[in-house]
Amino acid sequence: MHRREFLKSVITLPFIPGFRIVIPSGRSREMVETGPAKKYAMVIDVDKCIGCGKCVIACKTENHVPMEAPVSRTWIEGYLDDKKLVMNTDENPFLKSKASKGFFVPKLCNHCANAPCVNVCPVYARFHTKEGIVLVDKETCIGCKYCITACPYGATFVHPEEKVTDKCTFCYHRLRKGLLPACVVVCPTGARKFGPLEEGSEVYDLIKKNRTTVLKPEAGTYPRVFYINLDTVVEL
Amino acid sequence: MRISTAVFSIAILIYAAVLVYTFIISPYIKEESIVLAIEEEMGKEPVHVQSEVCKQCHLEVFTNLSLGNHSGVECAACHGTGKEHAKLRTAGSIVVEDTRDACMICHKKIAGRNIPTVEENHGSGVRCSYCHDPHSANVPSE
C-alpha cells in the first residue's frame, strides 16, 4: 500500500461507523454490579397526599438542588378544578386555591426497567445499579439533554449549578445506609411507601391488595413507581 | 517542505495520544467511571434524621407523639433536617416553628385534603399551640 493511502486509512478508521464495535469493550447499558439483589419500588397513594409539599423541600435540601430554581427531583402536581398547578420550589401554590374539587399527584423519576434515558445517552452516562435504580454518572455526562427529550415523565432536568443532568436517585446514599428516601421520611400522611419488591414487604402487599397503575404504561418503560387511586386523566 | 513534514508528524503523535487515551486508558473504557459514580453517590451524607435517632434523647416527647393523632408523622416533617442538631445538641440548631402558617401547611382547608382541616377564621389571631399540642395531637375539650 502506498504510504499516503495507508495514513489516510488510519486517520479515517475511527470515523467509520461500526469501528467502535470492534473495540473489545465489555461496557453495557445494563447492570454493572452483577449478582442477585433486591429491586426497590415506590408506591404512592394519591388519596393520602394533601399537597403540603414537604417532600419537595426535603428532597431539595437532601440532594442540594437550589431551592429557588423551578426544577426538582420530585414535584407535586395539583389538579384543582380544571387547573393544573405544579409545586417545585418551597412556595406552595395550592394553599391559595379556592377550588371545590382537587387532588394531588406527587411525581418523581420512575426508575424504569426499560429506561429511555439510559437507552439514548450517547456517552453511556446513565446506568442501572443492581437494585434497579437509574443513576447518572455526572463526570461522564456532557449535558446534551437527549435524556430530557427522551423521558416521557419529564423527570430529568439540568442542574442549575452543576450544568449536567440530574434526577431522582431514590436517595441512593441513604438507601445504602439502611435509611428511607428523604421524601418518604418527611411525608406526614404516609402517602409514599418505599421498599424492596419481595414477598412479604410493605410495598409488595400494597401492590397486591390495591388497584395500582403506573404512569404512561403505553410508553413500554416498565416503571418502578406505582400509584394507588389515581385518576386516569392525570396520566397526560 | 521539511517543516510541513515535522508538523504532520506532530499532528500524528497528538492524534495517536488522543486515540490511546480514548480507547485504552480512559476510565470510560476500563468501566471505572460507573464504579466511581456509584462510590461518589454513596459517599454523600444523609441530612434528614429518622425518628429512631430523635427518640434516643427525646423519648418522652416521642412517646406522647406516638399516642396522639400525629403518630405516623416523623420528626423531620416539621423539625427539618436534624443533622446539625444531632451533632451540636443545642436549641438553636433545629427548626421550631410555633406559628399559624406552619400548621396551615397541612391543616388549611383546601380541596382534596381528607385529614382534619380548619377554615381560615378558626381561632383567628391565636397561636394554634395555645389550644392544640402538636406532640399529643388530640382535639382539646373546651
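Predicted model: local features only at pLDDT ≥ 70, side-chain atom pairs only at ≥ 80, totals over all residues.
User: How many residues of helix 3 of chain A are buried?

Analyst: Helix 3 of chain A spans residues 54–62 and is mostly covered. Among the buried residues are A:Cys55, A:Ile57 and A:Glu62. The count is 8 of 9.

User: Which residue with positive phi follows helix 3 of chain A?

Analyst: Its phi is near 55°. The residue is A:His64.

User: Why is one side of strand 9 of chain A left without a neighbour in the sheet?

Analyst: Four strands of chain A form an open, mixed sheet in the order 9-1-11-10. Strand 9 and strand 10 (212–213) of chain A stand at the edges, so each has a single partner strand. Strand 9 of chain A pairs with strand 1 (residues 40–45) of chain A, antiparallel over 5 bridges. One of the bridges joins A:Tyr40 to A:Pro196.

User: At about what angle does helix 8 of chain A run to strand 9 of chain A?

Analyst: Helix 8 (residues 202–209) of chain A lies across strands 1, 9, 10 and 11 of chain A. Its angle to strand 9 of chain A is about 115°.

User: How far apart are the C-alpha centres of the two domains of chain B?

Analyst: The assignment gives domain 1 (2–42) and domain 2 (51–136). Their C-alpha centres lie apart by 55 Å.

Methods
Residues numbered from 1 in each chain as written. Chains lettered and ligands numbered in written order. Domains from an automatic or database assignment. Buried ≥ 20, exposed ≤ 12 C-beta atoms within 10 Å, placed from the backbone. Helix = DSSP H or I, 4+ residues; strand = E, 2+ residues; numbered from the N terminus. Pairing = 2+ DSSP bridges. Contact = placed C-beta atoms within 7 Å. Axes fitted to C-alpha atoms, helices over the stretch in contact; angles between N-to-C directions.
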